[in-house]
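Me: I'd like to understand how the aromatic rings in a protein model get their labels. Could you go through it with me?

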Amino acid sequence: MYVLNMNLEEVGAIEEIAPGEKIYSVRYMGNRAYMVTFRKVDPLFVIDLTSPENPTILGKLKIPGYSDYLHPYDENHIIGFGENTRINEYGGVVTDGMKMALFDVSNPNNPKELHSVDIGDRGTYSEILNNHKALLFSKEKNIIAFPIRISEEIGEYTTKSKFQGAIVYRLDLENGFNVKGKIAHDEIEDGYIYYDYTKVVERIIYINDS
């Protein structure tokens with residue numbers, strides 16, 4: 001991570017943060033940055049940027065999977081949207097469904113995963129993993145909603161789409177994530193559906209209480 005001044009001159013840096021890993025997401029909040037890197041596990045780094053000349057890693061948390069997108073819940077909590085991972089029989093890392101997590105960063109030296117929820121199996125996908133505009137979040141209304149295609153594993157190498165639409169969650173600090181409901185434009189037959197791009201839910205909005 002490099003800190004530049006108004007003339008785009010480097011004034012501070014941290015290098016070799018996670019050798020051999022890739023950066024998957026970064027979120028800036030106040031004088032801190034939260035960075036997720038990944039190779040086999042998901043380190044969440046808390047970085048202090050109070051002194052531009054001396055950025056410092058305050059703490060880190062290692063958990064399975066990774067977060068593609070970090071969204072602030074409040075000044076001490078961050079929501080991570082990403083994917084579960086597992087080691088296959090060949091020693092490689094494969095994705096294994098989506099994961100949503102709430103991180104407690106009130107103690108920057110010791111970040112914690114406060115709550116998490118797994119969504120679907122391998123092949124489950126949401127646009128939120130690549131585009132933050134796919135997220136509807138309102139802390140006041142207690143709503144988290146995003147488009148999703150949920151897959152279920154029915155064989156060693158076979159998955160089927162079980163749901164295609166939008167999923168709506170409730171989140172609070174005590175109870176974590178709870179599904180409020182799902183919205184679909186396609187009927188499910190025999191417990192599964194075939195992917196139909198013409199019936200995908202792309203965005204969710206609310207107007208007043210609707």
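This is a predicted model: local features need pLDDT of at least 70, side-chain atom pairs count only at pLDDT 80 or more; totals for chains, interfaces and linings use all residues.

Me: What makes tyrosine 24 and tyrosine 66 a tilted pair?

Reply: Their centres are 4.5 Å apart, and rings pair if their centres lie within 6.5 Å. The planes stand at 50 degrees; under 30 counts as stacked and over 60 as edge-to-face, so the rest, including this pair, is tilted.

Me: How do you know that this pair links distant parts of the chain?

Reply: Tyrosine 24 belongs to strand β3 and tyrosine 66 to strand β7, 42 residues apart.

Me: Why is tyrosine 24 called partly exposed?

Reply: Its relative accessibility is 29%. Buried means under 20% and exposed over 50%, so tyrosine 24 falls in between.

Me: And is tyrosine 66 buried or exposed?

Reply: Tyrosine 66 has a relative accessible area of 9%, which is under 20%, so the word is buried.

Me: Why is the pair of tyrosine 69 and phenylalanine 81 called stacked?

Reply: The ring centres lie 6.1 Å apart, within the 6.5 Å limit, and the planes are at 20 degrees, under 30, so this pair is stacked. Tyrosine 69 sits in strand β7 and phenylalanine 81 in strand β8, so the pair ties together parts 12 residues apart in sequence. Both residues are buried.

Me: Which aromatic cluster do they belong to?

Reply: Tyr69 and Phe81 form one cluster with Phe146, Tyr169 and Phe177.

Me: What makes lysine 182 count as lying over the face of phenylalanine 163?

Reply: Lysine 182 is at 5.1 Å from the ring centre, inside the limit of 6 Å, and a position within 35 degrees of the ring normal is required too.

Methods
Residues are numbered from 1 along each chain as its sequence is written. Side-chain values use heavy atoms; hydrogens and water are left out. Rings of Phe, Tyr and Trp (its six-membered ring) pair if their centres lie within 6.5 Å; planes under 30 degrees apart count as stacked, over 60 as edge-to-face and the rest as tilted. Helices (H or I, at least four residues) and strands (E, at least two) are DSSP runs, numbered from the N terminus. Buried means under 20% relative accessible area, exposed over 50%, partly exposed in between (1.4 Å probe, protein chains only).
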